[in-house]
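Okay, thanks for coming, everyone. Let me put the model up on the screen and then walk you through it.

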Amino acid sequence: MTGVEDSVENVAAGVDIPPTSLGGPQSQIAREICRGVVRVLAAHGLAAIAELPLPNGRRADVVGVGPDGSIWIVEIKSSIEDFRSDHKWPEYREFSDRLFFAVLPSFPVEILPVEAGLVIADRYGGEIVRAAPEIRLLAPKRKAMTLRIARAAASRLCVQLDPTLPAEIGLGITDT
């Protein structure tokens, strides 16, 4: 019906189906921080998704959605060089109610801007050590972001459920 072979037939035909991605950082250190951030957000009642494309063409490292619809963006910094070479983080502000940096415990936090909250995290968990100022999104932008998050998460789940779907199913999320 879809024109895509059933996974059983693909296995029988010997077609290699590449593993699907749930999104997430590329470097090992960033992945470990991301895991801790997701745990921190869960402890605060937020469901999280990693590597979410934003309407401005940027990609947020982690986005959390609270039960009240609040949206938090967490920017992961895996090293001093990563922080110093990245000047795009202020562009995430317009898509969240709260903006945080997340770093390892050994990171020199005094170099991070105080305009954002701070999460100290490693692969086992983390802690919010500085609350982020809350600047609530306007309703239309909140709705657009909520739909973007839902579509990205659902698309990634679909690819996990059926690896024969094109990996691009979660891409192409645009504002309409």
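Predicted model: local features only at pLDDT ≥ 70, side-chain atom pairs only at ≥ 80, totals over all residues.

Residues are numbered from 1 along each chain as its sequence is written, and side-chain values use heavy atoms, with hydrogens and water left out.

We've got 6 strands in an open, mixed sheet, in the order 1-2-3-4-5-6. At the edges, pairing on one side only, sit strand 1 (47–53) and strand 6 (125–130). From one strand to the next, the twist averages 30°. On terms: helices (H or I, at least four residues) and strands (E, at least two) are DSSP runs numbered from the N terminus, and two strands pair if DSSP finds at least two bridges between them.

Now look at strand 3. On one side, strand 2 runs antiparallel to strand 3, with 4 bridges; valine 65 has isoleucine 71 as its bridge partner there.

How many residues of strand 3 are buried? 6 of the 6, so the strand is largely enclosed by the rest of the structure. Buried here is under 20% relative accessible area, exposed is over 50%, and partly exposed is in between (1.4 Å probe, protein chains only). Ile71, Ile73 and Glu75 are on one side, with Trp72, Val74 and Ile76 on the other.

What packs on the sheet? Helix 4 (residues 139–161) does, touching strand 1, strand 2 (59–65) and strand 3. Contact means heavy atoms within 4.5 Å. Isoleucine 149, leaving aside neighbours within four places in sequence, contacts Ile49, Leu52, Val63, Val65 and Ile71.

That brings us to the cores, each a set of buried Ala, Val, Leu, Ile, Met, Phe, Trp, Tyr and Cys residues joined through side-chain atoms within 4.5 Å. The largest has 24 residues, and Leu52, Leu54, Val63, Ile73, Phe101, Leu112 and Ile149 touch the most other members. Apart from that one lies another core, of 17 residues, including Ile33, Val62, Ala102 and Val119.

Arginine 148 is in helix 4, and at 3% relative accessibility it counts as buried. The backbone oxygen of proline 53 is 3.0 Å from a polar atom of the arginine 148 side chain. Then there's aspartate 86, in the loop between helix 3 and strand 4, also counted as buried, at 6%. Its side chain makes a 2.5 Å polar contact with that of lysine 77. A polar contact is a pair of N or O atoms within 3.5 Å; within protein, one must be able to donate a hydrogen and the other to accept it, and residues adjacent in sequence count only if both atoms are side-chain atoms.

Key: Axes fitted to C-alpha atoms, helices over the stretch in contact; angles between N-to-C directions.
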